[in-house]
Structure formats: C-alpha cells, structure tokens
Amino acid sequence: MSLKNLLIIFEYDRFIYWFIHDESGGLQMNVQFTYGVRGTDQSVADAVIRFVSKKELIPGETAGPIMQPQIDDALRGLYAKGLFKAEPEQTEILSTLGLYPAAHVVFVGLEQEGGATSLRLAAAAAAKALKKLHAETVQVLLPSALLEGQEAELGAEHAAQALTEGLLLALHVRQPLKREPNERFTLKEVAFVQQGTAVTAEDAALWEQGIAKGKLYVEGVALARDLTNLPGNDLTPERLAYHAEEMARELDLEIEVIDEWSAAEQRMGGLLGVGQGSINPPRMIVIHYKGNPDSEEAWGLIGKGITFDTGGISLKRAEGMQEMISDMGGAAAVLGAIRVIGELKPAINVIAVIPTAENMPSDRALKPGDVLRMMSGHTVEIVNTDAEGRLVLADGLTTAITRGATRLVDVATLTGAVSVALGTQATGAVTNNEELFKLVQKASARAGERIWQLPSYPEYKKQIMSDAADLKNSGGRYAGTITGGLFIGHFAEDLPWVHLDIGGTAWLESSRGWEPKGATGVMVRTLIELVLHHE
Ligand code: BES
Ligand code: MN
Ligand code: ZN
C-alpha cells in the first residue's frame, strides 16, 4: 500500500477526503503457463480440463479414448441421457475418484473448427467451472484430433493465445471496495498438455509465444476494465491523467497532460465547455508512441473520457445513472491498447488522445442554446448538454491531427441509441473511409469483438445543421448513433476516420463468455490488432 492513494484535496471552501485503498487488486499476471506432453512423472493438479466435440461423443463416429476409460464411460453415459451434449460453453464437472491425478475433471463443449472465438469461449467456460471448484492448478488437455482442425486454420500461436485470453479474461471480475477485502480468484498454474501427439520444439515455441501474447493482451484489457469500474469520486479527469502518466512513465512514452489553462490557450472550446460545470477540471491527455520515426504515418486513437456523465443541465433520469461511471470506457480502451503496444514495441507510430471531463449541472455549466467555438474554429450550438461526448471528441480529433495523426479511430460510449439498434451484441461503427473500415473490421474479427457498420448517407448530416452555428450537437432521436458519429466525423478534416460507438458494449448487466458483469474492456484487443498488423 502506498500513500499515493490517499487523496485530500482542498479547493475553494471544499474539502474532499478519499480513503486509502490498495491498488494491487489488479489481475495477478503471474499465472504460470507451461506447454508440453503428458509424462509419467506428471504432478497432481486441482483439476483437469478436457475440450470435447460432439463428434467424439456420437456412438460409432469416433469412439476413441477421451481421457480415462471409466471416466470416458461416465461421460458417454451423460451424453446418452442428453445431459451433456458438448454444446459450446457447456461444462460438466466430474469427480475423478482417484482414477486420474486431479480431483476433478471439467469437460467443456467445443465447436469443431469454430475458430479463435470458440476456443476463447470454451476456455472462458472452463475458467468459470475452475472458479467454482477453487481449482488453482490446472492441466488443460489438448486433444490432437480436435485441435488439428482449429490449428490448421488458426495456427498454434493463435490457438494458444485464444485459450490463454479466454481463461484469464473470464476470471477478471470487478473487485468491490469492501472493508474486508475478498481475494479475487486467480489461477496459479496452467499446464497445456498435448494429448496423443509428440511435441516438436517448433510447436513449443509457437505455443509459448501465443501464451505470452495472450497474457499481455489480457493485461491491457484488465487495465481498461479496472479503470472503467472505478467510481466517479475516485476517477476524476485529473486522476485519469495521473493513471495515464503512471503508465507512460512505466513504458517510457512521451505524454502531454494539457490542463484547463493550456487548453484555453489552445482554444479547446468543446473540452472546456463540457468541463466548465464541474469543480473537477478537464484534461486533454496525449500519449506519443514513436515506433517508426522515419514514417510520416501515425494512427490517431481517440477515446472518450467522460469520468461521469450526469447529462449536465439536460439532466439524465436517476435510474441507472450510476452506470455512467463507464462513460470513459473509450478512454480506457485506448489506454489499455497503448499499454500493450508500448510493451510489444511495433514499428509504427501512434498518437493516443484522451479528452477527459466530468459532465455536471451547476451554475456555471453549459446551457442549451449556448454556442461554443471548437479547437478547429467551427462553432457548435448546444441543444442538449447530454450530447457531451462528441464535443470533447471533436477537440480530441483536432488535437490528434495537430500532433500528426494521419488515420483516425475514435472509441466512445457515445449514444444510448446504439443499444436500441444493436443491443449489447455489437459495437456500432460509422466511417468516412471504407478501406480503413475494412482494416478495423478484420482486426475486430481477429479479436472476436463484433462491430457493425451503420450507413453514413450525406442526408443524415442535415439533422445536425444549425441556424445559430456551423453544427448543433444533437440531431434528435432518429438515427442518433449515426448523427452522433457524423458530428465527430466533421472534425476529421478529410482524413480516413472510423468511429466506434461502444455505448452498448462497454458495460454489461450480467456476464457472458469471457466478459464479466460491469466493465468489459471492449475494443482494447481490436485496437491492438488494428495497429499491429498495419503500418
Ligand atoms: N454517455 C451517453 C451515452 C450512453 C448512455 C452510453 C447510456 C451508454 C449507456 C451520452 O453522453 C449521451 O448521453 N448521449 C445521448 C445523446 C443525445 C442527447 C443526442 C443519448 O444517447 O441519449
Ligand atoms: Mn451524455
Ligand atoms: Zn456521455
């Protein structure tokens, strides 16, 4: 525990006290992973995981051994009764009764040739069963017949990465800040064990690479989730900047934290307008990653960092408002991605920009009817103070462009409308460049994070034309996600740009697959995949 977590702030006549808390609650990344064959000298594990395909259970199809004759019989018996059908994510826990050197076996349904997503899902389902068993040391059996199909398509490295991600991501849940801290269940040892085939040195190297990459990606997602789950009184714009500075220092990256005075000098009217209603001043955070100094190309990744969104004067209703602590989910995704990029050090350039503010109602808050002049010089009529994300993001895009970004991707919990359109199943996308969108789409497919493109017909832009200024900040309820996106796109200055609306995917009411209840850290892995595979 360190003193940096004790906050006592004196401001005007106000005194804020925030309790000391220990930040070591993050995911324990010291899980030991190994890869090899099953030897005779194998150590005893708490549990063993075996992925099973439907095909293996259909009588007469492939009646080959699964893991141990009596246990296999028991499993086939369950199949015959229709109790275990090896459906995706279906698990069956059996006691091994001394028939195998592990107390329990967890059978997990796995779709044959379902790709990385099905591996990630199966591993996540297994992880939840392990948590139930309090099994900290596990053996993961890799049946050659089953994995051959997956590996042929994916390659061993990707298969290893997907399994590692699924196991670790599913166990990373929100840590409540209680008086008596309860330990988050974490794995201690995971041994991937090839069944039936010999392990080549080449294979082992690929598996080790995949495991290492999986662990690293999970660290990025865990960072994003942890930040997003922080309550609004712990995560103000200044505190978010502090976390970004800590990360930048650790990774040895250049960082600018622009305060309200410097933001005024740089005419960031959107950021200052949204921030002016709160006693917690806004910040513009810029992190520079220069992996290829000779190149003129630079990715601009911009994340919405509203640390709490009350709606401002256009106040939100009380019900569910507490979820608005997640209105910096886009900022968290960008920070999580930069953390991994900073570790992997690819030969590319990235400019990460996080406009962060607290959207509050007060005597000095923005009002409907106000007109702002943005950093770009464009003017905006405020018709709804709850459409604040696009205002800070507009200045975020301009900041990225002035710092040299040549391709822009913004990530934002921008609209409630996106969940009306897509539910929690997909992130909505709006773009001005089909080519760039295709790259984002490919990256999202590799990451197993769904993205769905919405149309951006020029007619939609009419909805945000204003009589009082260049634009107005809301086009009304119809096509809300599209008009919100197009507002941001107005500030892209003809550079290729993709907008990702995570309003429905950044926060979940209940867990699913590898995503927990609360913050999901969605788009961290998509952003990494995007910039890693393209200059
Ligand atoms: N942060 C919200 C969007 C949001 C709402 C995300 C619920 C996730 C869950 C955003 O700032 C907002 O309030 N958007 C308005 C826009 C409208 C005023 C044009 C919305 O969606 O209602
Ligand atoms: Mn809002
Ligand atoms: Zn918002």
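The shell around ligand 1 is made up of seven charged, six polar and three nonpolar residues.

Student: Before we start, what kind of model is this?
Tutor: It is a predicted model.

Student: OK. How many residues surround ligand 1, and which are the closest?
Tutor: Ligand 1 is surrounded by 16 residues. The closest are K316, D327, D386, E388 and G416.

Student: Which side chain has an N or O atom 2.8 Å from a nitrogen atom of ligand 1?
Tutor: That is the side chain of D327. The side chain of E388 also has an N or O atom 2.8 Å from ligand 1, and there the ligand atom is an oxygen. From the backbone, an N or O atom of L414 lies 3.3 Å from a nitrogen atom of the ligand.

Student: And how much of ligand 1 does the protein cover?
Tutor: 78% of the accessible area that ligand 1 has on its own, which is 520 Å².

Student: Now the metals. What holds the zinc ion?
Tutor: The zinc ion (ligand 3) is coordinated by K304 (NZ), D309 (OD), D327 (OD) and E388 (OE), at 2.0 to 2.4 Å. Along the chain these donors have the spacing K-x4-D-x17-D-x60-E.

Student: Why is the zinc arrangement octahedral?
Tutor: Because the six donor atoms around the zinc ion subtend angles of 78 to 173°. For six donors, the term requires opposite donors over 155 degrees apart and all others between 65 and 115.

Student: Where do K304 and D327 sit, buried or exposed?
Tutor: K304 is buried, at 1% relative accessible area, and D327 is buried too, at 2%.

Student: Which residue bridges the two metals, and how far apart are they?
Tutor: D309 bridges the manganese ion and the zinc ion, which lie 3.2 Å apart. The pair D309 and E388 links distant parts of the chain, 79 residues apart. D309 is in strand β12 (residues 305-309), while E388 is in the loop between β15 (379-381) and α11 (389-402).

Student: Buried or exposed, those two?
Tutor: D309 is buried, with 3% relative accessible area. E388 counts as buried at 0% relative accessibility.

Note on methods. Residues are numbered from 1 along each chain as its sequence is written. Chains are lettered from A and ligands numbered from 1 in the order in which they are written. This is a predicted model: local features need pLDDT of at least 70, side-chain atom pairs count only at pLDDT 80 or more; totals for chains, interfaces and linings use all residues. Side-chain values use heavy atoms; hydrogens and water are left out. Donors are N, O and S atoms within 2.8 Å of the metal (3.2 Å for Na, K and Ca); water is not among the atoms, so sites may look incomplete. Helices (H or I, at least four residues) and strands (E, at least two) are DSSP runs, numbered from the N terminus. Buried means under 20% relative accessible area, exposed over 50%, partly exposed in between (1.4 Å probe, protein chains only). A residue is near a molecule or strand if one of its heavy atoms lies within 4 Å of it. A polar contact is a pair of N or O atoms within 3.5 Å; within protein, one must be able to donate a hydrogen and the other to accept it, and residues adjacent in sequence count only if both atoms are side-chain atoms. Accessible areas come from the Shrake-Rupley method with a 1.4 Å probe; for residues, only the protein chains shown count as cover. Ala, Val, Leu, Ile, Met, Phe, Trp, Tyr, Cys and Pro count as nonpolar, Asp, Glu, Lys and Arg as charged, and the others, Gly among them, as polar. Four donors count as tetrahedral if all angles lie between 85 and 135 degrees; four count as square planar and six as octahedral if opposite donors are over 155 degrees apart and all others between 65 and 115; anything else is irregular.
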